[in-house]
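Trainee: I would like to go through the labels on this model. Please set each one against its definition.

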Amino acid sequence: MNAGRILGIAGGIVAALLAIAVVFGSWYTIDQGERGVVLTNGAFSSVADPGLHFKTPIMQSVVKISTQQQTTYWGFKDTRDDMQAYSKDQQAASLRVSVTFHVPADQVEQVYAQYGSLDNLIERTVGRVAPQTIKTVFGQYDAVSVIQSRAKFNAEVSAAVIASIKGPVLVDSVQIENIDFSDAYEQAVEARMTAQVEVQKQEQTLQQEKIKANIAVTQAQGRADSVKAEADANAYKVKAEGEAQAEAIKARAAALGSNPLLIDLTKAERWDGKLPQTMIPGGSVPMLNLGGNR
C-alpha cells in the first residue's frame, strides 16, 4: 500500500469523525431544574431554558447550572466540616447545621459571570458566610438559654444567614439540627436539673403538708364551733326553763298572797280523801272546817 492511499484513508477517517462531531455537537438538551449558559467563542450569548436546543459546533458551548434546591451541611458524620462555636458564657459546643438554598432562574447569567460555576458560588457565599454568621448568633446566647430558647435561636440564625448572604443565590432555610456541649458541661447541667427537681419536689411536699395542716385546723375549728354551739344551746335551754319556772313560782306566790282561800284549795287538791289514823287532842280534822269561819 503506497503512502498516498494511506493518507487518503486517514483523511477519510478524520472527515468521518469530524462529521460525527458536527452532527452530535450541534444539539443539546437542558433538563427541568437547570438552565444552560450558551457561550459563543467564550462570550456569553444567551440562557437556554429546559428542552432541546441547537448550537453551532466548535464555536458554541453550553454550561449547565442547576436551579434546584441544594443543601450544604456542617457537623454531620458524612461531612468533613465541623462547626465549633462558643456560647456567651464560654461553653464550647459542636453544631450540626444545614443550609438549603437555590439559584433563581433569572440569575443564572450572573452566577456564571461572577463565579464561573455553581460550586464556586456555594464556596464563596454560603460556605464562607453561613458558618461565621451562625457562630456570631450563637455567641449571643449562654449555654442554658440557647437550649431553653431553641426555637428563638433557630429563627434568629435563619434571619441572620439570609440577610448576610449576598449574590445570585437565595437561602430557603437554615436548620440547627443539633447542639452538642462538652460531656463535663452536660453532666453539670444534669446535676443542676436533678437538684432543681428535688427542690421542686420538696416544695410540693411542703405545700401538701401545709394544706393538710390547714384542713386539720379547719376541721378542729369546726368541731369546736359545733361543741360551743351545742353548749350554748343547752345553757340557753336551762336558763329559759329556770326563768320560766321562777316566773311560775312568782306568779303562784302572788296569787296565794292575794287570796288566802287558794291555800285551802291547794290543800284540798292535794288531799287523798283519807282521815288520819291518829288525832292530836284539840286538833281539827282536815278538810272538815273549810267553811266554818264564814
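Mentor: Start with the open sheet: three strands in the order β3-β2-β5, with antiparallel pairing. Its edge strands are β3 (43–48) and β5 (60–66). The twist averages 30° from one strand to the next. Axes here are lines fitted to C-alpha atoms, for helices over the stretch in contact, and angles run from 0 to 180 degrees between N-to-C directions.

Trainee: What kind of model is this, and how are residues numbered?

Mentor: The model is predicted: local features need pLDDT of at least 70, side-chain atom pairs count only at pLDDT 80 or more, and totals for chains, interfaces and linings use all residues. Residues are numbered from 1 along each chain as its sequence is written, and side-chain values use heavy atoms, with hydrogens and water left out.

Trainee: What makes β7 and β8 a pair?

Mentor: Strand β8 covers residues 92–102, and four bridges join it to β7 in the antiparallel sense. The cut-off is at least two, so they pair. Q84 stands opposite S94 in β8. Five residues lie between the strands of this hairpin, and Q90 takes a positive phi near 65°.

Trainee: Which residues of β7 are on the covered face?

Mentor: M83 and A85; Q84 and Y86 are on the uncovered one. In a regular strand, side chains alternate between the two faces of the sheet.

Trainee: Why is the pair of F138 and F153 called edge-to-face?

Mentor: Rings of Phe, Tyr and Trp (its six-membered ring) pair if their centres lie within 6.5 Å; planes under 30 degrees apart are stacked, over 60 edge-to-face, the rest tilted. Here the centres are 5.9 Å apart and the planes at 70°, so the pair is edge-to-face.

Trainee: Why is F138 called buried?

Mentor: Buried means under 20% relative accessible area, exposed over 50%, partly exposed in between (1.4 Å probe, protein chains only). F138 has 0%, so the label holds. F153 has 0% too, so F153 is buried.

Trainee: Why is the pair of F181 and Y185 called tilted?

Mentor: The centres are 5.1 Å apart and the planes at 50°, so the pair is tilted.
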